[in-house]
Amino acid sequence: MHPAFSVVFFTTATGAGYGLLALLGVLAGQGFVSPDFWLGLVSMGLALGLISAGLLSSAGHLGRPERAWRAFSQWRSSWLSREGVASVATFVPAGLFAVGWVFFGRTTGWVAVAGLLAAVGAVATVCTTGMIYASLKPIAQWHSRFTLPGYLIFSAMSGSVILNALLQGFAVGSKTMVAFSLLLTFFGWGWKLATWRHNDRLEIPTNANTATGLAGGTVRSLEWPHTEENYLLKEMGFRIARKHSAKLRRITQVLAFALPVLLLIAAFALPWPYAAVLSALATIAQFAGMLVERWLFFAEAKHTVTLYYGR
Amino acid sequence: MTCLPAHTDKKLGLVIDLDTCVGCQACVTACKEWNTGGYMAPLTDIDPYGGDADGVWFNRVHSYEHMTEMGGRTVNFPRSCLHCETPACVTVCPTGASYKRASDGIVLVDEDKCIGCKLCSWACPYGAREFDTDVGVMKKCTLCVDRIYNDNLAEEDRVPACVAACPTSARHFGDLGDPASAISQLVAERSGVDLMPELGYHPTNKYLPPRAHTPRAASVPAPRLEPVQAEGGFLGWVDRMLSH
Amino acid sequence: MNHGPLRGANSAPSQRSLADTRAPNEGDGVDTSPDVSDSIAKTTCYMCACRCGIEVHIKDGKVRYINGNKDHPVNRGVLCGKGSAGIMQHYSPARLKKPLLRTGPRGSGEFREIEWEEAFSIATERLSRIRRTDPKKLAFFTGRDQSQSLTGWWASQFGTPNFAAHGGFCSVNMAAGGLYTIGGSFWEFGEPDWDNTKYFMLFGVAEDHDSNPIKIGLGKLKARGAKVVSINPCRTGYNAIADDWIGIRPGTDGLFVFALIYELLKAGRVDLDYLLRYTNAHVLVIQEPNAADDGLFARDSGGNPLAWDRVAKAPVSATDSDAKPALTGNFQVDGRRCVPVFQLAAERYLQESYSPDAVAERCGVAADTIRRIAAELAHVAFEQAIELPVAWTDWAGRRHETIKGRPVSMHAMRGISAHSNGFHTCRAIHLLQVLLGTVDVPGGFRFKPPYPRSAPPGPKPAGKDVGPMTPLEGMPLGFVCGPDDLLVDDVGTPIRIDKAYSWDAPLAAHGLMHTVIRNAWAGDPYRIDTLMMFMSNMAWNSSMNTVETMAMLTDSDEAGNYKIPFIIYSDAYYSETVPFADLVLPDTTYLERHDCISLLDRPISHADGPGDAIRHPVVEPDRDVRPFQTVLIELGARLGLLGFVDDDGSAKYRDYADYIVNHERTPGVGPLAGWRGKDGTSIGRGEANPDQLQRYIDNGGFWHHDFADDQRYYKMANRSYLDFAEYMGFIPKAEPIVFQLYSEPMQRFRLAARGHGRVLPPEAERSRIETYMDPLPFWYTPFEEAAVDLEKYKLHALTQRPMHMYHSWGSQNAWLRQITSQNRLFVHSRTAAGLGLVDDDWVWIESINGRVKGQIKLVDGVNVDTVWTWNAIGKRRGSWGLKDDAAESNRGFLLNHIIGDQTSADANGKRYSNSDPVTGQAAWFDLRVRIVKCAAEEAGFTEPQFERFRQPPRFEPSPDKLSFGAEFRREREAAE
């Protein structure tokens, strides 16, 4: 699949944003984070900013963005519609939660309830995003039991790493928070490795034989219906060389997981302000790494239409 | 509404005979010329005279080499929307632009509702949908919905443009939901197949497999030729044949 | 069902409209009955040479869409990939807009626009001078011309013998091979009996003639489960759907066919009765070596060929229907030894050198396969014979209660034709058909009227007496029957610029357009003044050796004058040849003109009856262009050519439409056969009918006559048919047409080579004439193969046009080019592996004539010693309205660059045209190549590359986007 930047950024940014929102909603509402104005402004601003930027980016991917409102109508069948509904619905508790925290300086009572609801909304939205991909049968790498948990785990992981950096930045961090984000990063790393391992060993029953209905033997593409690339090939015929893919996987591992792990371990061990600097660096590295991971998520996904083209 | 109808009155679709298709592209351009002025008009062509020519087409013909122990065959393979019974391209649509008609089973796009998210094209395993970057909406085969019921066309012309044009008669049209229809009987007789049945889309369109290298192949039960057993060899034989 | 009578090819129950076509009440707001068109014009397609009937739907003055005409005898409602893309051809941005006069150097593309009056006066002044001095200094060659009865007649009235269309580089071997053997040919002039044949063999056919009828026919065979066998090095298109694909080595089809004949003869599986009735198998051939009549037929005093009556034991007229002729034996007639033709044939084809085992390796076909095919042919022909319950009467008045048929049919075309041994190979295939008794019988190969004609047909080529202001005594093209008919002077020098009907190409029935530019450039046999061409891309894909051809077109002498002094060219599009013209006459598109598809030329008949058709303008030109034929008629009038002016010197015809209706070639016979006579009630003959075109238009653009049931088969000997053919003027007299297994005209050339006769070949030509003018078909190694180092050039190289572009003038258009805008060289995967090549590699394709660079694609469905590519995809930068980055001119390539237009020098140092020695057919497919992987920095683009043509005045850059059809939708939605 073509790794369009708009979609790569959208899923990465909203994943991180919803992860952060969910953690803030739960933790702040339950009193684990103090209702500090600046902390609230920055962290909720960042969460909602990531979410909004991501959603805007995805709207930029649309052919007719002015009709985007129509996407809320088909929630009964469409995960994309559900995502639209969930994402917009989540803005309501998230907004109340942010207002309560930032303007009323409280994270208890109705604000806590709003926080919890925002967290639920965030998780639900990430689930719908994951399900958009997980439900697509033509793409075996996505249509897998790894996809939905992956989205949730990566969302939680990047959210927690950002939250940790924010708390550290405001000097209200804790070893627990560092450890928590460290743990989630380890978990994410493991999940990604397991996903890759699974995808590399995929035995896909769909092949050129079933695609053409020609049973037995081999089916080799002789000539395409067109000699230049068309929409199908541009959108779904993306190919990535094995060597290139291996290199990007290594980069993903370093940036999204290994480096953040090292930095977070160091942050765990070192006092403030070193821990804050290291936590911030971990966030930046991981976000960059997750962009690469998401790019690969698309690039390594093989759509069945490519079978018709011998790709 | 992108929820699928529980039942369609008819299952209109195409049957494509891979044993007969010579890959002439007649159906391809016939489709293009009808539809570029039809329900989904236009089928925009970007850079039509340049190096990156890329147009919207509803029907494309591939060619393959199919090698089995029985031998090789070149197979020309037309590919278009299969008007599936359970088309995920419809259910993934967030706006209701994609839908399956309850009356005849045709899968259509209502352009006015399409936001151009392209998800339907991702959900189609067959590559049946093509995005019109100029108009910003998804387009696809309509099974010539604006021909098959068109009062302004002679009754005999109310068939999809690709079927009307096909010079080798490799394309067939009808109600695949009616087991008594001519097209259903053709499928039964020739053991028509679904494409990618394992994905569970239940395509309405069927493909008739090539007969060469199968027990259905045309064959001539000819005994080996033996030299004429006659004095004087062949010329002697000719002589005797004429004297009879 | 609710259907009336079913029309059209696609009318199987599974191809009809729904039983109930009322729109269901879906409630989705879809307009299922949009208004389609304001009017429908029925005319004839011209996207290729197939001449299908089309219905052009016009909406708001624009072409909405085009579909096939269900009533039309050629396509019966279907339409090919080209036909449906005609809209894009019609609206092409490459259309010429106005007459052009060259301002820059030739080949640059620098022109200025001029008015038609100036164009006419330039042309008239020039041609008039030529006509007053030496008319043959005008060489008039037309390309994909469907009006040769006009253009040839024009040349004849002008007085130049230098006329031909593109048949010489197309498929004259098929025409001549058939016409000299059975009086008809494959091509589009005959067809398999699709409804009755049970075994169909297809030799060397790609899309080719006859495009849609073959496809419709194959569909019928497939529906019936008849067996299809293809003999073709490439497993594409029709060959892909064959039940049996024989991937033969190029140029060896003749050997393969002879091996089949060997098997059939040996097993006695030939139709002796058929041979006796319809062929010259029993005719006695004089066997007196060194005599002046050796190898000619023994004749009686009346000149009738003789046979030997087995019962009377005496010579008898070969046409005596009561005789019992012998097919074998040695006989003395007037003291001279004679043997029947059949004996000569049997002796030749029973030689072991023609056995399956002997030819298998050379053909690349297993001997067992050849034996199996022969057995299958025999089985179907003789064990599965059919009879139609229709009584008919033969030429001799014998009544037959049924029509007997042998349901084996064959079709052959370019793959046979485009070799230097193609004429004899084509004859071999006809011989095979005749031995099986399957020509014009139920289930066999059938003639389309006006064929069959005598073998060869009557008129001989005119041009012996060329003089100022003198029309030729006949048409420039015809059929020679011996050396006396050649167009050579006393010392054997060709009279025609293309050397047709000379010792180089005695049976050149279509001329040799592919030699004109070289000969005119070299002044061999003489210099010309003006080269006038129509619709033929001679500076690109229609020439061999393109690079040198372009150089010859632009070469000048010491004085700085072009060696070909003046070039007039008519084309509708800015093709690669336009920039080489001095004067450009812009033609219309096929939807803007009148044309006639005439029985005098290449009609739309099918085997069950003759037909002809017209084109008429269905949209008005929006540019200052004129149909070439109308321009030619006006030019004829301005030059005062006989037949083009009335007695008072005024123009006889207003335009081509006027000519079509009012011209009479012989009294009562004109371009169109339908609705003749003042009241339009006659067919074939009759006075001109002023309403004739309207009658055609009312009938869908064509006329067709259906034969009675007893006229449909055995046309070569069918009394009822022959009488009809004589009435229609197809044949001069209602006499039977005798198939010529043994060709006496060819033997006459041989005798000349031995010094007998009045017209003798120069000494240096004698052994060539002796060898190739063999009266019985034989096989020889194609010339290039015989000349090159086969260790170095191991591979055969072929081209074919893709189906969606075949024979299509200006084949690329906005839609078709999206399907194919780059051609690959297809290489067998085993061959590639041996050369260390993988898919997508860029390679040099090298022949003795040069090299060209392209990208390869591995295949398995090709003869292992053969590579091939799609032809004419490569385009020169600056032509056809293409942008500079178009794949056609950057990655597409022409194999033409490396196909020599001449043979290697022979022992005398003479280089002949790279053609068949009998007919002059261009030997495109003799090419031998090797392929070499190119250096890394050379990959990704084709070579050779050529300078970009300048654009003519007022040519806008082609659009970046096409939204064709959006306007129809806007109109519809506005109307709602």
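Two residues are in contact if their C-beta atoms, placed from the backbone, lie within 7 Å. This is a predicted model, where local features need pLDDT of at least 70, side-chain atom pairs count only at pLDDT 80 or more, and totals for chains, interfaces and linings use all residues. Residues are numbered from 1 along each chain as its sequence is written, while chains are lettered from A and ligands numbered from 1 in the order in which they are written.

**Stop 1: chain A**

Select Gln286(A). Leaving aside neighbours within four places in sequence, Gln286(A) is in contact with Ser158(A), Val161(A), Leu255(A), Ala256(A) and Pro260(A). The residue lies in helix α10 (residues 274–299) of chain A. Helices (H or I, at least four residues) and strands (E, at least two) are DSSP runs, numbered from the N terminus.

Is Gln286(A) buried or exposed? Gln286(A) is buried, because 29 other C-beta atoms lie within 10 Å. The cut-offs: buried means 20 or more other C-beta atoms within 10 Å of the residue's own, exposed means 12 or fewer, and partly exposed is in between, with C-beta atoms placed from the backbone.

Residues 110–136 are 93% helix and 0% strand, with end C-alpha atoms 39 Å apart. Residues 177–194 are 100% helix and 0% strand, and their end C-alpha atoms are 25 Å apart.

**Stop 2: chain B against chain A**

Show the contact between these chains. It takes 51 residues from chain B and 46 residues from chain A. On the chain B side, β4(B) gives the most, with nine residues. By class, that side has 29 nonpolar, 13 polar and nine charged residues. Ala, Val, Leu, Ile, Met, Phe, Trp, Tyr, Cys and Pro count as nonpolar, Asp, Glu, Lys and Arg as charged, and the others, Gly among them, as polar.

Zoom to strand β1 (residues 218–223) of chain A. This strand and β4(B) pair in the antiparallel sense over five bridges. Strands pair if DSSP finds at least two bridges between them. Which residue is the bridge partner of Ser221(A) in β4(B)? Tyr64(B) is that partner.

**Stop 3: chain B against chain C**

Here 90 residues of chain B are in contact with 104 residues of chain C. The chain B side has 50 nonpolar, 21 polar and 19 charged residues. Select strand β2 (residues 45–46) of chain B and strand β35 (residues 961–962) of chain C. Two bridges join these antiparallel strands. Ile46(B) stands opposite Lys961(C).

**Stop 4: chain C**

Select Leu388(C), in strand β17 (residues 386–388) of chain C. Leu388(C) is partly exposed, because 18 other C-beta atoms lie within 10 Å. Not counting residues up to four places away in sequence, Leu388(C) touches Thr402(C), Ile403(C), Gly405(C) and Pro442(C).

Finish with Leu377(C). Leaving aside neighbours within four places in sequence, Leu377(C) is in contact with Tyr199(C), Leu260(C), Leu264(C), Val408(C) and Leu436(C).
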